[in-house]
Amino acid sequence: MAIVKMNKITLLSLEKDKQQIIDTLMKLGVVEISTLHTEELDEEVAKLIVNDGDEQRVAEIEDNMAKIKAAIDYLGKYDTRTKGLFEPKRQIDLEQYQEIVSNEQAIWQVVEQINQLDEQLVTLRAEQNRTENLIGSLAPWKDLDIPIDTPSTRNVTYLTGTIPALVDMKKLEEELCTTVPESYLKVVNSDRDQRYVFVAYLNKREDEAMNLLKGYGFSKVVFKDLSGTFAENIAKAEQNLQYIEKQRAEVKKRIASFAGEIENLEVLHDHYEIQRDRTKVLERLIKTDKTFMLEGWLPAEESEKVRQQILKKYDCLLEIGKPEKDEQHPILLKNHPLVEPF
């Protein structure tokens, strides 16, 4: 692998030709433009010039690129095209490129629709999680066949709650029966950590009943905004899960219908990338009201081609030559022709 000899390029031209010159250099693809700083110039000259560039525009373009890239990655899950391991990049001609870019608004509508559909999936996932959590909270009470919203009466209080699994329930039941005879306790379900209990007692004995229950670690469980039995609410929630899954399948199907737009999205993304690079490179230039200046580096072997392409199209001062002794420049490596294909 050999180190390529580099030449330095300095160009001074009219501001009105700046964008075309930048485009020409980008198409040639052999010039690396360096950053020019006004503080390095003579004080009198520095007063007349400023650094070029538009950071806000670069940020806007990169934001657009990110949105399109997100849509491409998202649609990738639905892309059924068969791809080889070393498949080359797709090539399009200028006419195809211009046609796709001219339909920019239509492609952006695809991006927006994908974003909206993704938001629907996020909402459905959140609803699914809430419903599954509800089923999980109701499941231990499934065998309690009274309505969840059964109200306490003027004389009797009804409670559902949990008690730690380590509690001796026989002892608790005996003590409750002795201390508050006007009470009822039923173990509805139990697991490794706790027991799920239903309790009823006379209102006038609430202090004694609650003091005793709390002494055994009783914790009240309340279900808000639910009516009907626990089993009925579980069945309703399971039906809702089926509906959510059906909705998700429909949304995914609509997203998959946009898979054919991936190639257009990729072209538009590359179009913005070119715009971004074109705008970003301006940050490395300096300018006055009427002129601009750039410096950079290019392979020595490409010098004459660049010189001809620039001078035959534009009126400018162009200097291409060897770097000064000990002047820092980019390092370019070139493979031997034998291994270059690999």
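Biologist: Which residues is I68 in contact with, leaving aside its neighbours within four places in sequence?

Modeller: In this predicted model, I68 is in contact with W108, V111, L265, L268, H269 and Y272. Contact here means heavy atoms within 4.5 Å.

Biologist: Which residues have the most contacts inside the largest nonpolar core?

Modeller: They are I68, L75, I114, I255, L265 and Y272, in a core of 27 residues. The elements that give two or more residues to this core are α3, α5, α8 and α9. Its largest share, 8 residues, comes from α5. Apart from this core lies another, of 21 residues, with I22, V281, C316 and L318 among them.

Biologist: Why is α4 called roughly perpendicular to α9?

Modeller: The axes of α4 (residues 94–102) and α9 (residues 262–281) come within 10 Å and cross at roughly 90°. Angles of 65 to 115 degrees count as roughly perpendicular, and therefore α4 is roughly perpendicular to α9.

Biologist: Which residues of α4 and α9 meet?

Modeller: Y97, I100 and V101 in α4 meet N264, V267 and H271 in α9. By class, this contact has 4 nonpolar, 2 polar and no charged residues.

Biologist: Why is T157 called buried?

Modeller: Buried means under 20% relative accessible area. T157 has a relative accessible area of 12%, and so T157 is buried. This residue is found in strand β5 (residues 156–164).

Note on methods. Residues numbered from 1 in each chain as written. Predicted model: local features only at pLDDT ≥ 70, side-chain atom pairs only at ≥ 80, totals over all residues. Heavy atoms only, no water. Axes fitted to C-alpha atoms, helices over the stretch in contact; angles between N-to-C directions. Helix = DSSP H or I, 4+ residues; strand = E, 2+ residues; numbered from the N terminus. Parallel < 35°, antiparallel > 145°, perpendicular 65-115°, else oblique. Nonpolar A, V, L, I, M, F, W, Y, C, P; charged D, E, K, R; others polar. Core = buried A, V, L, I, M, F, W, Y, C linked by side-chain atoms within 4.5 Å. Buried < 20%, exposed > 50% of the residue type's maximum accessible area, 1.4 Å probe, protein only.
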